[in-house]
Amino acid sequence: MTSHQLLVLAEFSYDVRQPERGYAGQTLYVNVGETRIAAKSVDETMKRTFIGGRGFDLWLLWQGVQDTTRWSDPENEIVISSGPCGGTTQYPGSGKSIAATISPLTDIVIDSNAGGHFGPYLKFAGWDAIEIQGNASGDVIIFVNGPAGKVQLLAAPEDCPPDTHQLGAWVNERFAETEEDRQLMAFLSTGRGAEHTYMGCLNFSLYDRKRKDLRYKQAGRGGIGTVFRHKRVKAVVVRTCSFGGDANQPADLERIIETGAAMHREVARWDAVQNRMRHRGTAYLVQIMDDYDLLPVKNFQYGSHPDTARINGEVWEKTYTQNLPDGCWYGCTVACAHAVDDYRVRTGPYAGSCVIVDGPEYETVAGVGSNCGIFDPTVILEINFYCDTYGIDTISFGTTMAFVMECYEAGMLTAEQTGGLQLNFGNAEGALEVLHQMARGEGFGRLVGKGIQRMKDYFATHFGADRAFLDEIGMEAKGLEYSEYVTKESLAQQGGYGLTNKGPQHDEAWLIFMDQVNNQLPTFADKAEALHYFPMWRTWFGLCGFCKLPWNDVVDPKNAESDDPTKIPHHVENYVRIFSGVTGREVTADDLIRMSERVYNFQRVFNLRLGKGLRAHDAIPYRSAGPVTPAEYQSRQARYDQQIVEWLDLDPTEMSLEQKLTAHRCHRMAQYEQLIDAVYARRGWTSKGVPTPETLRSLGIDYPDVLAVVERHL
Amino acid sequence: MTVQNLLDELGYTYPHLVVSVDGNLVRHDAYSETPVPDGADVRAIHLMAGG
Amino acid sequence: MKVLAFNPDLCDGARGCEIACAETWFHVAAPHKSSIRIQALEDGFGAEFCIQCGACVPVCPVNALVQVKNGVVHLRKQSCVGCMACVGFCPYEVMHYDTDQAIAFKCVACGQCVQACPTGALAIIEADDVSTDLWNGREWRHLQENI
Ligand code: SF4
Ligand code: SF4
């Protein structure tokens, strides 16, 4: 059976236009509930104001939903867009897509980026974004057929497999007849885990021409996969016409090629002696984080562990297949998207099969590994494989599992309540069993799949657990689980997690070295400036289709001689050149920040509109600010005692452990409040966290409906 | 003592450092040959990566 | 393997090879579209061109670079997506790019430059080990000594 034989529920024909200066000029709207497909045009104002990527996502979503819309409502949408520079092949890291929706975990907008070929291919097939609305009554597949100029909504047949790695093979068979078809096709999918949990991820495929097989990159955070399956979407398949290095029809190809070639040379020269991204990917960080006491161990209690050497980058370098161009988009020579080939699955429904495991990346190793007290690389691979194919976010899974394990060890949870599982730290088989239960929506796993925030409520109400303790150790904010860095000794990074739009994901700011190790941010004003600049800078990648990693994971040491090495000015200049080269808009580095400020503030207002986005929602669990338990204090006693002397002018030798813990707590939480004041002021927000009308006016987003939202909170 | 000895002592394993001794930048490939005089002002700025 | 070799002693610096190369592959007499580049040095001339080492082959994400049986690395234009990874990773900086078509290009030892050189400073040879000795005349001399 081919795609031609699937039942067509709706069909839409369009003129395929090659992108011009990075834009296709229209977005695709598919309502899977009403079986309706339409095109929306993209005008100059939309390009200027929202740029693309996350900006387009938010703008389309804003118009699609109501103030009261929740994740499961039919009017909720999933919007996916790459951005004007997405699909550039010459500069490393120029093929990212950003997905956004109202999240089941946070009830506000979540945005999450992924590599893979989908976003650029969608644009090459004629669309700057896809907007999926409505809830279908049966499983559907959306097929964007670029060469044919046709979009179809198809009924997914019964034999459509439940999990991504098998679904991929099925899609290849139905939708691609030749090797070339496979190369020019990309699709989105998730697995059964996304159906039964709130932490479902969305898998973005890429056809690996060297391995001649499918690979997947994840838009992991916030349950976008959960919304995808709730809408009953099985897959979104896009097929593009063949393309070359000028597919975006950029304004100045020469400038882009020159900039790209120079950057490739920089990568070739320096990566091998710096982070070895081309060999280890982000997993190089595992040992570094351990060395600096920043690797989450046992639910973020500790920052290092003697067994880290068993799961560090050196180990992964030997485990990943080497010498392949492992970029998640063509031309990414930073090539961190490694994989382990021929992994034999040991547990669950696919036991015995031989599979490719994508990654594991740093976040996965730290989350499902050290943070759960698991230091066995094969277990990490097994969990990584299942999380991906089931469609479960490895970060939320790791952080949630770590929370469960600490609850279990602290006696807040008994084996009776877990269905007989003894979930101590380090219990790999237990963690795997919970994962399989999550995918089936059964047993204790069903509860775990709802995430930490829901579990805290449940444990307190049904198991009589100590709510205050749960709130302190449960590493979530806004409902989203923390990504994998220990922030206790970096106030700025506590803000980097807490003062985010979507929840504690480090993609807005990573300031630990600047703050804690270098002491470059001694004052609140310094921290606030960093918590303005870096979130804006990093937001910009997601507007344009860029990956953050090539910005600062490989750097010519000449950077040390620049005015501000932390910003890596010569790379910032590269981005200015590429953006100008693609769009034909001559911009400056300051202009890039301005673009982000607009979108960032718009997202803050969006949160307000959905009932959050206030100071209260920027609170963080105390575990991320300081030591919660006596054992945690004792593990760093010398440092904490010293701080009592320095910060509070008290004598720790005359204090009980309890008193010392309280003293730290009062001081650290007060510091965080002061940080909030400073950051809000810098961002042009009121002390309640509301962007002022002047801020919105100066950014040119003072639309009546936007102003109406903030006025309710002034 | 050389810059490299000092970095080892401090546990500074991170590869993206900007090191200066008394205000003079030290190239990354010269850490082992660059002496650190007594009382010198040594700075090792860690650039961000990861994240 | 089959590879181009240069003898600086015979080069008169007229750069006819560059024109011949560009005309063969791009149909223009533009030296920046040539895969061989001649430089004036203090004591004569130097040439730089691909020595068919193959380092670029695994870097290409679309299998556009292939080393064929005789050792020559070919670039399949129709497959190339113009990412220029090979340009950045060529150890000898002799992979070039064309900004009009957004593709990379390289010497494929076709011999057109050899034909065009009036002084006989270029030759297509068979070599077991390749190095930049192909550029500086050492490989040339070595070959002559062995004949
Ligand atoms: S650096 Fe890694 S994640 Fe970023 S674009 Fe390249 S391969 Fe993808
Ligand atoms: S420029 Fe072309 S030949 Fe070179 S690596 Fe990229 S796709 Fe391959």
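**Chains, contacts and ligands**

Analyst: Of the 2 pairs of chains in contact, chains A and B share the most contacts. Please keep in mind that this is a predicted model.

User: How many residues does each of those two chains put into the contact?

Analyst: Chain A contributes 33 residues and chain B contributes 17 residues. Together they bury about 2,000 Å², with 64% of that on carbon and sulfur atoms. On the side of chain A, the residues that lose the most area to chain B are Y292(A), F513(A) and N518(A), which together make up 22% of what that side buries.

User: Why is it given as an area?

Analyst: The accessible area lost when the parts come together is often used to give the size of an interface.

User: How many salt bridges and polar contacts are there across A and B?

Analyst: The rule finds 0 salt bridges between chain A and chain B. It does find 7 residue pairs in polar contact across that interface, both residues being at pLDDT 80 or more.

User: Which helices of chain A supply at least two residues each to the side that touches chain B?

Analyst: They are α10 (285-291), α20 (512-517), α21 (524-544) and α22 (549-552) of chain A. By class, the side of chain A that touches chain B has 20 nonpolar, 8 polar and 5 charged residues.

User: And chain C, what about its contact with chain A?

Analyst: There, 21 residues of chain C are in contact with 23 residues of chain A. V81(C), F89(C) and T99(C) supply 28% of the area that chain C buries against chain A, more than any other three residues. The area buried between the two chains is about 1,900 Å², and carbon and sulfur atoms give 62% of it.

User: How many salt bridges there?

Analyst: The rule finds 1 salt bridge across the interface of chain C and chain A. The side chains of E93(C) and R265(A) meet in a salt bridge, at 4.0 Å from N to O.

User: How far apart are chains B and C?

Analyst: No contact joins chain B and chain C, and their closest C-alpha atoms lie 20 Å apart.

User: Changing topic: what span should helix α27 of chain A have?

Analyst: Helix α27 of chain A (residues 657-683) has 27 residues, so at 1.5 Å a residue it should span 39 Å. Its end C-alpha atoms are 39 Å apart, which agrees. Just after α27(A), G684(A) takes a positive phi of about 80°.

User: Now the ligands. Which residues are around ligand 1?

Analyst: The residues around ligand 1 include C328(A), C332(A), C336(A) and C547(A), as well as K96(A) and D326(A). By class, this shell has 8 nonpolar, 2 polar and 2 charged residues.

User: And which residues come nearest to ligand 2?

Analyst: Of the 13 residues around ligand 2, those that come nearest are C60(C), C80(C), C83(C), M84(C) and C86(C). The shell around ligand 2 divides into 12 nonpolar, 1 polar and no charged residues.

Key:
Residues are numbered from 1 along each chain as its sequence is written. Chains are lettered from A and ligands numbered from 1 in the order in which they are written. This is a predicted model: local features need pLDDT of at least 70, side-chain atom pairs count only at pLDDT 80 or more; totals for chains, interfaces and linings use all residues. Side-chain values use heavy atoms; hydrogens and water are left out. A residue is near a molecule or strand if one of its heavy atoms lies within 4 Å of it. Ala, Val, Leu, Ile, Met, Phe, Trp, Tyr, Cys and Pro count as nonpolar, Asp, Glu, Lys and Arg as charged, and the others, Gly among them, as polar. Contact means heavy atoms within 4.5 Å. Buried area is the accessible area (1.4 Å probe) that two parts lose on being put together, summed over both. Helices (H or I, at least four residues) and strands (E, at least two) are DSSP runs, numbered from the N terminus. The expected span of a helix is 1.5 Å times one less than its number of residues. A polar contact is a pair of N or O atoms within 3.5 Å; within protein, one must be able to donate a hydrogen and the other to accept it, and residues adjacent in sequence count only if both atoms are side-chain atoms.
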